[in-house]
Every structure is written in structure tokens, then in C-alpha cells.
Amino acid sequence: MKKIFAASLVIFATSLFTSCLRNETVQSISETELFTIPYGKFEEQISVSDLNNVGDVRFGISMRDGFFYIINGESKKIMELNSYGDLLTLFYNEDSETAALLSKSQRAAGSIHHDVSYPFDYPGMLAVDSNKNIYTVCSIPRDRQEQSEDGTMLYSQTVLRFARDGSSVEYIGQQGPGGTPFPFIKNIYTTSKDELVVVGISTEGTIVYWFTKEGFLKYMVPVTTKDAPSIKGIDDNSQVYLTIENVIPDPNNYKLYVQINYYSTFFDEESKVQSGVNYIQTSLCPLNIETGVYEAPITIPPYEESVVSDYSRLTYRIPYDFLGITKNGWKFFIVKTADGFNIEMIQSDTQRILRRQFKVDHNNMLYDTMVLSQDGIITALYLEKESARVVWYRTDNLIDAILKN
């Protein structure tokens with residue numbers, strides 16, 4: 001097992017700016033609505049306890065080769081659907097309400113229903129490999145959870161792997177199948193080699209577990225801030241802080257892309273007292289996990305919004321969130337705006353930057369989650385007041401058209 005120690009996390013809160021006006025026009029990409037899913041308890045429905053106060057909604061979505069996978073944590077089930085919304089496969093916990101409803105119905109031979117005997121809870125994260133094996137994060141019962149020797153770390157989550165036909169279900173821990181539970185898991189990914197990557201959070205910062213195709217641990221990579229690339233402040237008196245916002249694996253290579261936001265202290269000129277922080281920049285730092293060395297960072301231009309007041313204009317620079325990277329090397333960044341979402345797509349090798357907008361009515365939205373496929377398609381699950389919608393944005397076609405021209 002190879003270990004790479006790359007630096008310690010310093011958490012610093014960032015300010016969000018609302019009720020702002022954009023200072024530039026960005027072209028829109030129209031959404032394609034694929035299908036809707038009604039709310040309810042039955043197998044082809046998804047369950048939300050209170051649509052007026054959704055709280056901790058445990059939903060996730062993934063798309064692979066035109067098939068859609070939705071996890072409904074409250075109902076303890078995973079649905080595989082085609083692009084028309086037809087249910088193809090259903091995995092559900094044997095002690096769930098879904099199981100109770102299905103037990104009262106007559107199942108035909110070759111049923112699409114597969115019960116899962118693990119009495120786990122589902123936070124709402126999943127990934128799918130090229131063989132249509134499904135991976136999902138599970139919170140295990142309290143009596144099976146473990147603590148670190150010093151008592152500062154709780155190991156309470158694991159990853160379940162389902163074969164598409166329901167023939168096998170196994171759980172993966174830190175060392176592989178049947179291993180020690182993970183600390184809190186932020187997200188999971190599969191690569192083009194069908195290797196599982198688990199991004200967790202420890203007391204020291206982010207920790208990444210990279211597994212072989214068979215599910216055995218290949219790399220364990222702590223990603224902290226101590227050795228992360230540093231930059232200079234705005235002036236000699238300012239102190240620079242950095243936060244590791246996200247870590248996402250490269251789909252093709254043994255490399256992690258670490259999103260780092262940099263801030264500096266702000267001093268009031270009259271009182272000479274520190275009165276806040278200034279956002280400096282966002283960098284995407286590639287970390288080669290075979291050598292443990294950071295490669296040249298990529299500076300990510302921020303999203304800018306302006307507000308006009310008393311005949312003056314103030315422009316705020318807001319960092320994007322890192323959404324993912326495609327197999328062709330395009331890095332996707334997203335930020336929520338008053339009218340929907342803004343997307344920034346960057347291909348660092350060619351220095352191309354594309355900016356587009358998705359128009360979304362947030363007033364009708366109860367919850368949203370998005371995922372980027374390795375082919376460059378953004379798929380979204382929108383929980384709205386009447387039903388849930390699955391849509392996608394063909395940013396892959398946009399990129400192809402621009403490159404051809």
C-alpha cells in the first residue's frame with residue numbers, strides 16, 4: 001500500500017453574496033427533460049417525508065451510458081431507469097417500507113426486484129462503473145461503528161457494491177471487502193478503469209482511498225493544507241489562508257484534482273485592525289498520487305456579480321464549486337445564481353474556457369443535485385413541488401461543436 005502525505009486542512013468560512021446583478025451576458029444551454037417521477041411509497045415513486053420542510057434530503061443521481069440511477073435514502077432503495085423513466089432494476093433494504101409493500105404483491109419470474117440484507121442507512125451518494133455495478137455509501141448501525149484509538153475519529157460508513165443482476169452484494173471498507181468502516185464520506189467515484197475512489201473527511205483533513213477493480217486498497221492519500229501550493233497575499237501585511245474545497249479523481253490517470261480557495265486578511269486602513277478576509281483566487285492543483293508531487297496549478301477565474309447602489313457599482317468575486325472532470329480533460333465548475341446555475345468549463349491543455357448558464361426556477365425547487373458524466377453530460381435531479389424531474393444538459397455536444405469550428 002502506497003501512502004502519500006500531502007498537507008493539513010484549515011477551515012475558513014466564506015461569504016455568500018445574494019441579490020446581485022450579473023455584469024455580463026452569458027449564453028444559456030437549454031435543458032432536456034427526460035422524465036418525471038411522482039412522489040409516494042410505491043416502487044416507481046420516490047419518497048420525501050415533508051415537501052414543505054425537506055431538511056436532510058438523502059437523494060443522489062448517476063448516469064452511465066444513457067441509464068439513470070437514483071438513490072432514495074428515506075425509502076432505502078436504488079432505482080435503475082432508462083431514458084423514458086421505465087424502472088429496470090430496484091434494489092431495496094429488506095426491512096424497509098418498500099419491502100413491506102412488495103411482499104403483498106405477486107412477483108413475476110425474473111423479477112427486477114432485489115432485496116438487500118444489510119440493515120444500513122443510505123445518505124444519498126452513488127457511482128456506477130462500466131459493467132453497471134452500483135456503489136453506494138451506507139451508514140452502519142451504531143453497534144457496528146468503530147472509534148480511533150485516541151477517540152477523535154468515528155468510523156461509521158461503508159460502501160456497498162451491487163451487481164446489476166442482483167447476484168452479489170458486498171461491502172467495502174478501508175482495506176477492501178469486509179474492511180474497517182470509513183470516516184465520514186464526502187463522495188465516491190469510479191474511473192475509466194472501473195476502480196472505486198472514496199473521498200472521506202478525517203480530523204486532519206481530506207483522505208482519499210483508491211481501490212483496484214477487484215475492490216482492494218491500492219492507495220491511501222491524505223490531502224491536507226500543510227504542503228499544498230501557497231501564494232502571496234495582496235500586500236506584505238496580509239496573511240494568506242487556504243481551504244481545500246473539493247478533491248476529485250482523474251478518470252484516466254492516477255491523479256487527484258484538488259480545488260483550493262485562497263483568502264487573505266483585510267486590514268482597515270484607518271484603525272490598522274484586521275476587519276475581515278478577502279477572496280484572492282481559486283486554484284485547481286493536480287496531485288500525482290504515484291509520486292506525491294503537486295503539478296503546476298490551474299487558476300480558475302471566479303464568477304463575478306455586481307450590485308448597484310447610490311450611483312456606485314460594487315463587483316463581488318465568488319468562487320465556483322468544482323463539479324468534476326471528463327475523460328477528455330475538461331474541468332467543470334458550477335455556481336448557483338438568481339436565475340439558475342452558471343457553468344464554467346476549462347480545458348487547461350488548450351487554455352479554452354467556456355461559460356454558459358442553465359436557467360432554473362429556484363422558487364419551485366425543493367432540492368437539486370447534479371452529476372457530471374465522464375463523457376461531459378450534466379444530469380440533474382430536481383425535486384419540485386409537484387414531482388421530481390430528471391433532466392440533462394448536453395454540454396458534450398456544445399464542446400464538440402466549438403472544437404469543430
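Predicted model: local features only at pLDDT ≥ 70, side-chain atom pairs only at ≥ 80, totals over all residues.
What lines the largest cavity? The lining is made of Lys76, Lys77, Ile78, Phe91, Tyr92, Asn93, Val116, Tyr122 and Phe162. Two or more of these residues come from strand E6, residues 77-81, and likewise from strand E7, residues 87-93. E7 gives the largest share, 3 residues. By type, the lining divides into 6 nonpolar residues, 1 polar and 2 charged.

Now the packing. In soluble globular proteins, nonpolar side chains tend to be buried together. Here the largest nonpolar core holds 35 residues, and the ones with the most contacts inside it are Val208, Val221, Val223, Val247, Leu256, Val258 and Ile260. Strand E21, residues 255-267, supplies the largest share of this core, 5 residues.

Take leucine 256 as an example. Setting aside neighbours within four places in sequence, leucine 256 is in contact with Val208, Trp210, Val221, Val223, Val247, Ile248, Pro249, Cys285, Pro286, Leu287 and Ile289. Another core, of 25 residues, lies apart from the largest one; Leu34, Tyr39, Ile61 and Ile377 are among its members.

Last, a strand pair. Strand E29, residues 340-347, and strand E30, residues 352-359, run antiparallel and are joined by 8 bridges. One of the pairings is isoleucine 346 with isoleucine 353 in E30. How many residues lie between E29 and E30 in the hairpin? There are 4, and in that turn glutamine 351 has a positive phi of about 60 degrees.

How values were computed
Residues numbered from 1 in each chain as written. Heavy atoms only, no water. Pairing = 2+ DSSP bridges. Core = buried A, V, L, I, M, F, W, Y, C linked by side-chain atoms within 4.5 Å. Buried < 20%, exposed > 50% of the residue type's maximum accessible area, 1.4 Å probe, protein only. Contact = heavy atoms within 4.5 Å. 1 Å grid on protein atoms, 1.4 Å probe; cavity = no way out; pocket = protein on both sides within 12 Å on 5 of 7 lines; lining within 4 Å. Nonpolar A, V, L, I, M, F, W, Y, C, P; charged D, E, K, R; others polar.
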